[in-house]
Amino acid sequence: MPGSHVVDFSAQPHHDGSALYVSTQFPNLGDRVAVRVRVPEAWGAVDVRARSHPDGEPGYVHMARVATLDGMQWWEAVVTVANPVHGYRFRLARADGSAEWLNASGLHRLDPRDVDDFRLVAYEPPPSWSDAAVLYQVFPDRFARSSAADHRPLPDWAEPAAWGDEVDQDRVHTAVQFYGGDLAGVEEHLGHLDELGVTLIYLTPIFPARSNHRYDALSFDHVDPLLGGNDALVSLVTAAHARGMKVIGDLTTNHCGDGHEWFQAAYGNPDAPEGEFFYWHNAEHTSYESWLGVPTLPKFNWNSAELRRRFIEGPDSVVGRWLQAPFNLDGWRIDVANMTGRYLAEDLNAQVRRTIRQTMLEVNPDTLLLAEFTTDAAPDFTGDAWHGAMTYANFTRPIWNWLRTPQSDAGGGLAMAVGETQDWNGRDVVAGHRDFSAGFPWRVRHHNMNALDTHDTPRFLNAARPGTPVVAYGLAVTMPGIPVVWAGDEFGLHGDDGEHSRTPLPWDRLSDAARTIAMYGRLNTLRARHPALQTGGMRWLHSSDDAIAFVRETAEESILVVAARDATTVELGHELPAEAELIEGHATRTYGTVSTEAAAFLVWRLPGVTAPEWTV
């Protein structure tokens with residue numbers, strides 16, 4: 001029956017890393033930071049302690065009950081930030097002697113793992129503009145083709161295709177099928193992105209290569225002439241900035257193409273300085289390590305000081321140069337970040353990522369660094385360098401598995417790209433999201449990319465239940481993270497796998513997509529208008545087979561979200577007061593009960609949380 005097997009979270013103690021519960025979002029080493037827990041009076045807490053483990057050694061601080069407001073006890077303690085990543089959790093005891101632990105994965109009777117503790121981060125913060133970002137992913141060859149593309153000679157690797165041709169799914173041809181989209185084409189359609197509410201454009205690689213995806217770079221020194229060259233990038237970024245948009249590029253730090261000038265200098269030439277840039281299997285430098293055994297993608301060896309100097313260290317490096325005038329990119333997305341610097345017994349990943357971020361801080365600290373990590377990303381995303389993850393475990397997979405057509409095969413391509421797909425209920429969504437989000441510090445968590453699909457996955461619409469696209473993207477906009485629109489989602493495009501989803505955008509069918517475009521614009525505007533959806537805390541309220549509910553909270557306002565995949569009833573009680581203002585969706589409501597007749601995405605605006613003054 002609708003609403004069966006309900007989990008009610010509203011009676012549980014709560015803490016997250018937001019400003020309601022932590023006195024400063026950007027502490028320095030040695031700072032005294034106040035942390036709080038909000039505990040319902042009925043829970044019966046009589047003693048609460050904060051446990052930190054500086055230098056790996058646990059220590060406890062008694063928390064003071066500083067206020068009781070609206071039926072909630074507020075307990076507070078001051079901790080000293082002893083390490084750049086400072087973990088902490090809470091022990092809550094009742095009068096009968098029983099106790100439970102609260103950490104980022106929830107409430108636990110047994111002692112939980114340190115890896116899921118809350119974290120204070122003392123590294124340099126991400127740029128403030130990224131809190132409100134709405135990201136649009138552009139695959140340049142397939143986004144739009146300007147008239148200038150008609151006059152460019154084709155390279156010998158390209159198999160030309162007309163803009164309306166189907167994507168060729170034969171693996172022999174997928175990477176070389178060439179439509180001729182360019183950067184001027186992107187610039188010509190910035191008005192469309194404005195209409196969608198986009199604030200951040202992510203360009204997949206723009207450097208010359210021997211493929212349409214350009215992840216096999218031939219050089220990092222100039223923009224591919226097929227995209228219009230350096231001048232086209234300068235023009236696009238300038239035009240985007242004039243509209244208040246940011247633009248980030250895409251770098252392959254794990255590998256390059258076998259036609260890259262560095263690799264060409266080293267191949268078969270053991271005396272070349274560039275020889276130390278790669279892993280060689282023989283003395284002749286003719287056999288080498290490559291990405292997943294693909295010979296066209298030789299793997300970088302980050303032991304090389306010269307490679308680091310040319311690629312990632314300082315303003316004259318590849319990383320630094322493109323963030324400066326005249327190009328002025330606003331950051332980078334790093335491809336295959338999970339494998340970067342890792343080979344057999346070697347692990348230089350932390351050194352590489354921290355060097356990249358240090359260069360960005362030196363050149364322009366107001367830049368964003370995102371990184372691809374397809375599975376459990378948390379161990380690499382401590383806040384030391386990557387600001388957020390392009391990952392699938394904590395958002396994409398739970399939402400797909402819950403909102404896909406039951407027992408459909410439409411998620412098969414997603415399984416190959418990001419992990420197993422199966423039919424989930426709403427309780428699974430909450431459990432999966434909490435488990436994979438717990439390892440991220442709060443400020444990293446709300447910079448992770450909330451992507452329903454990308455250029456590496458099937459399109460979400462391939463698997464979606466009827467009426468659920470608004471539910472899915474509504475969750476991308478309202479859950480902690482940066483919502484992502486993969487170019488073509490707003491046209492209602494389908495794609496069986498990552499290659500097939502790279503469909504040229506049907507600009508001649510723009511009017512046919514008006515309703516979907518309006519939906520994206522409306523939800524992105526909702527995010528833009530409500531800071532609680534950008535940096536507010538998150539507290540789960542409900543999960544059942546067909547519905548989940550949560551609230552994003554600040555002192556100024558709270559935003560309550562109910563997402564339903566089918567007809568259902570959700571009991572929210574006092575969490576949904578009579579004066580709550582419905583600002584998205586339609587449903588039947590009686591007191592604190594909400595009923596839907598089909599899939600629905602519902603949002604209410606509530607008063608902010610009344611919290612006591614900080615003691616520090």
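Which strands each supply at least two residues of the lining of the second largest pocket? In this predicted model, they are strand 2 (32-40), strand 6 (72-80), strand 24 (547-553) and strand 30 (600-607). The pocket itself holds about 470 Å³ of space. It is lined by 22 residues, and Arg38, Asp70, Arg539, Glu553 and Glu575 are the closest to its centre. By class, that lining has 10 nonpolar, six polar and six charged residues.

Now the largest pocket. Its space comes to about 1,000 Å³. There are 36 lining residues, with His213, Trp291, Asp456, Glu499 and Arg502 nearest the centre. They divide into 13 nonpolar, 13 polar and 10 charged. Helix 10 (residues 412-418) gives the most to this lining, namely three residues.

On to the rings. The count is 37 aromatic pairs. Take Tyr88 and Phe90: the ring centres are 5.7 Å apart and the planes stand at 80 degrees, so this pair is edge-to-face. Both Tyr88 and Phe90 are buried. Phe263 and Tyr267 also form a pair, a tilted one, with 5.7 Å centre to centre and 40 degrees between the planes. Here Phe263 counts as buried because its relative accessibility is 2%, while Tyr267, at 40%, counts as partly exposed.

Last, two arginines over tryptophan rings. Arg89 lies over the face of Trp101, 5.1 Å from the ring centre. Arg94 lies over the face of Trp43, at 3.6 Å from the ring centre.

That is what I have; questions are welcome.

Conventions
Residues numbered from 1 in each chain as written. Predicted model: local features only at pLDDT ≥ 70, side-chain atom pairs only at ≥ 80, totals over all residues. Heavy atoms only, no water. Phe/Tyr/Trp six-rings, centres within 6.5 Å; stacked < 30°, edge-to-face > 60°. Buried < 20%, exposed > 50% of the residue type's maximum accessible area, 1.4 Å probe, protein only. Lys NZ or Arg CZ within 6 Å of the ring centre and 35° of its normal. 1 Å grid on protein atoms, 1.4 Å probe; cavity = no way out; pocket = protein on both sides within 12 Å on 5 of 7 lines; lining within 4 Å. Points joined across faces, edges and corners; volume = space filled by probe spheres on them. Helix = DSSP H or I, 4+ residues; strand = E, 2+ residues; numbered from the N terminus. Nonpolar A, V, L, I, M, F, W, Y, C, P; charged D, E, K, R; others polar.
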